[in-house]
Amino acid sequence: MKHGIYFFDHSVLTTAIQDFTAVIKEDPSNSLARLYRGRAYAKQQQYRNAIEDLGAVIDLDPSCWLAFYHRGCLLQQSDPKKALQDLSVSVLINDTWENFYSFLHRGIIYTELCQWSLAVSDFESVLALDSSVVFAYLNIGLILLLHLHRYYEAIQRFTDAIEIDPLSVRAYIGRAQAYHKIQNLPNAVKDINRAIHLYPNKSQLYILRGQYLIEMKQCELATLCIQQVAEMDEESFTFQPVQRALIHSFCQNYDKAIQCLREATAIQPEPSVFVVLGKIQIKAKKMKDALRSFKKAKKLLMTSAKVLPNTFEAAEIYYLIGLCHMEKKSLLQANHAFSMAVRLCSSYPDAFYQRGLCRMQLRQPTCIQDFNRALALCPSHFQAYMTCAAYYGSKGRYSKAILNCNEAIKIFPNSARAYFYRGTLKYQNKTFKGAIEDLSKALDLEKTCILAYYNRAICYNKIKDFKKALKDYGIILLLESSQEIAFEVFINRGLLYVELDDYANACEDFKKAALLSPEDSQIFQAMGICYHRIHEFEEAVRSFDQALKLDPVSVDAYVGRGNSYMEKGHETDYKHAQKDFLRAIHLDPLCIKARICLGYNLQALGKLQKAWNQFTVTICIDPKCHDAYDGRASVCLQVGETFAAFQDTNAALKLTVTAPLLTNRGFINQLMGYLPCAMKDYQKAISLDPNYALAYFNAANIYFCNRQFSQAYCYYSKALQLDPRNESALLNRAITNTVLNNIEEAEEDFEKAISLCPFSAAAYFNRANFYNRLKQYELAEKDISTALSIQPNDALLYKFRADVRAKLGFNKEAVEDYKQAISIQEHVDAM
């Protein structure tokens, strides 16, 4: 099953289908295998097989919303009513963000069925789940504008779309048309100007602007628009009726333009006029009428033998017929028309190119032959090279795609798009430095290309140039990017900060991402982990709480919250943590992480047998889990089973060799009295991880016990360099400095140790010894008294204070201390 899913995810569909078929033969009731096979069939356009598999999934598991969703998508064109039923069941089962595409597709079907209110309702549902879907805003706006005549609401929807995607030409045009409907012509012209700025070669936009300027009685500007259009296509103005028709066409008065041309064809029916008529009908989205016009032109061109001449004019008619069929998504008819065009004129590069596009959509591998033929006829066909690059890129042949981009760049050396696409291909080919060079060139040509900054940041991340990656992410956020891109930037930059162990900044980025996508539980989970790492455990708990509200069955969130409770350290928090670990195990009984955490939790609560049992169960589930052996070893140590702890630690080391495990085994050897073996383990741990402070500390303790004080001093210093807050290392180094007669350093270490742990009786006791050695008896008496206030029932402390007081001449107080020491010791012996 995993084998099949792997190939499905990598689009090796034939192999994936074979694997899923094998699974189904072994287990005919395996609904997951049928679901994946059905989706694979759908991708291969084997729709009947796909529908059969998805139907079987629904029979086996009626609660599988994915099966209903995919079957609904497949039936969208052939059986809209059945598709509506399937999509409705899918959203009934799962109405969360995960399934917002069901609402989207259902809205499209309602639109095609002219059920406008229902369509708007579904697109609103999409936005409630994901407010960054521009397509939904556009569709709502168009329905409100064209069918429901609610123009002010339409303007708001197009404005929302523009806020998310400031480069959406359709949104600007839609909003301009809505402004036109409410006679707000200045704003309509502003929006059309923005659209022209984005797409300066679209003649329809100039036509709209001219129409609005005429209505505003700005005739000179309107005339300029018409002249601009005329300069785009001067040869179309040969005859007066055709010229008038084109002017009307540019002003988007298509009906008048069509009327002019029909009058012209009635007087003098010529193929060229019918061709112009068909082109205007294409602009008017009257594809059926355009097809009729082209067929009439074709009929007029036919010879007496009912055969079309092998001329460019005849080929162009078939080419235009193909464009109509492409617009209607009638790909087979379009393919036939383009084939006729190249048959009539074998040197027609655009016809070969369009047929290649058509075949590409039909998933026919011969499309690449058409692109190559177009390039052979027109070696400067920039778009053909770019499309070849896209084709090879989609097939994973990145080197071949890059070569086509190279040729496109030779034609247009200043094409930002070509450099951008070549950069993305080099990224896919894992040549990250080359990708950075191309994306940088694209940015030199188009300095506000957000996607180029985004992809370059990812490339910098891959080559570990984190500073430059952070800079690019920052630039994207300054460029007023869409919410969708900003969301991706916050997520990626947050993950980059995590990689740099900068959890505070990572947390800030995840918080901003959560504002853009408040329904994404994974973001809150990441925030919880970051708060945990920066020791803000209350905030961590709150973040995991939110993650669990959004996804109540998230095992990782329960484990994360449990660990945060554990770090808070109170008994009630331990109990809360235990509940979370138990919930995680209830959801996934095989979750190793949850069981290990539960084991440590039980150990912290003093339930050692239960902790031991939990680690043992974990080992039974996964005999190669070294963490479970390590946990059980710690329990064994706590109950005094030193040899059992040694065995478990050895078992863990057979599975993996790490500095903490070697240090643990060294400590056990030290407890058993095998000091050479312990030192050997500590030295191995240090060589494996020179930054592991505990290994240095334990090795220093052995050196201290062996009276090798100089070596002990060096190792304590290294441990403190790596972990400056280790009060035990500070105290031990202070004692070592005392032995080495480093008086000033010893005093400084004692001071630091007491400031880190002001309630440690041992720290005050050892400093008292230090002062006693220096014959500073008053300071020694003060420290030993502080130690006694912290630990009042210690006979040794009373005896020591008695000795110090005797030296100070406080004989009466010294006698009382001796008596108290004897009394405590007798009480201890009696017990």
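Which element gives the largest share of the lining of the second largest pocket? The structure examined here is a predicted model, in which local features need a pLDDT of at least 70 and side-chain atom pairs count only at pLDDT 80 or more, while totals for chains, interfaces and linings use all residues. Residues are numbered from 1 along each chain as its sequence is written, and side-chain values use heavy atoms, with hydrogens and water left out.

The pLDDT, which is the predictor's confidence in each residue on a scale from 0 to 100, averages 86 over the protein, and 95% of the residues score at least 70. Over residues 233-239, however, the pLDDT is below 50, and this stretch has 7 contacts in the model beyond near neighbours in sequence (contact: heavy atoms within 4.5 Å). Where pLDDT is low, the predicted coordinates should not be read in detail.

The second largest pocket has a volume of about 1100 Å³. A pocket is here an open set of points, on a 1 Å grid over the protein atoms alone, where a 1.4 Å probe fits, with protein on both sides within 12 Å along at least five of seven lines, and lining residues have an atom within 4 Å of a point. Of the 26 lining residues, Leu167, Leu198, Glu446, Thr448 and Cys449 are the closest to the centre of this pocket. Two or more lining residues come from each of the helices H10 (151-164), H12 (185-198), H23 (382-394), H25 (416-428) and H27 (450-462), and H25 provides the largest share, with 3 residues. The helices are DSSP runs (H or I) of at least four residues, numbered from the N terminus.

Helix H6 (residues 80-93) comprises 14 residues and reaches 20 Å from its first C-alpha to its last, close to the 20 Å expected at 1.5 Å a residue, where the expected span is 1.5 Å times one less than the number of residues. Ala83, Leu84, Asp86, Leu87, Ser90 and Val91 are the buried residues of H6 (buried: under 20% relative accessible area with a 1.4 Å probe, protein chains only), and they pack against helix H5 (65-74) and helix H7 (100-112).

In helix H38 (residues 642-655), the end C-alpha atoms are 20 Å apart, in agreement with the 20 Å that its 14 residues should span. The buried residues of H38, among them Phe646, Asp648 and Asn650, pack against helix H37 (626-638) and helix H39 (659-671).

Alanine 257, in helix H16 (residues 254-267), is buried, with a relative accessible area of 0%. Although alanine 257 and isoleucine 280 are 23 residues apart in sequence, their C-alpha atoms are 7.6 Å apart in space.

How values were computed:
Points joined across faces, edges and corners; volume = space filled by probe spheres on them. Buried < 20%, exposed > 50% of the residue type's maximum accessible area, 1.4 Å probe, protein only.
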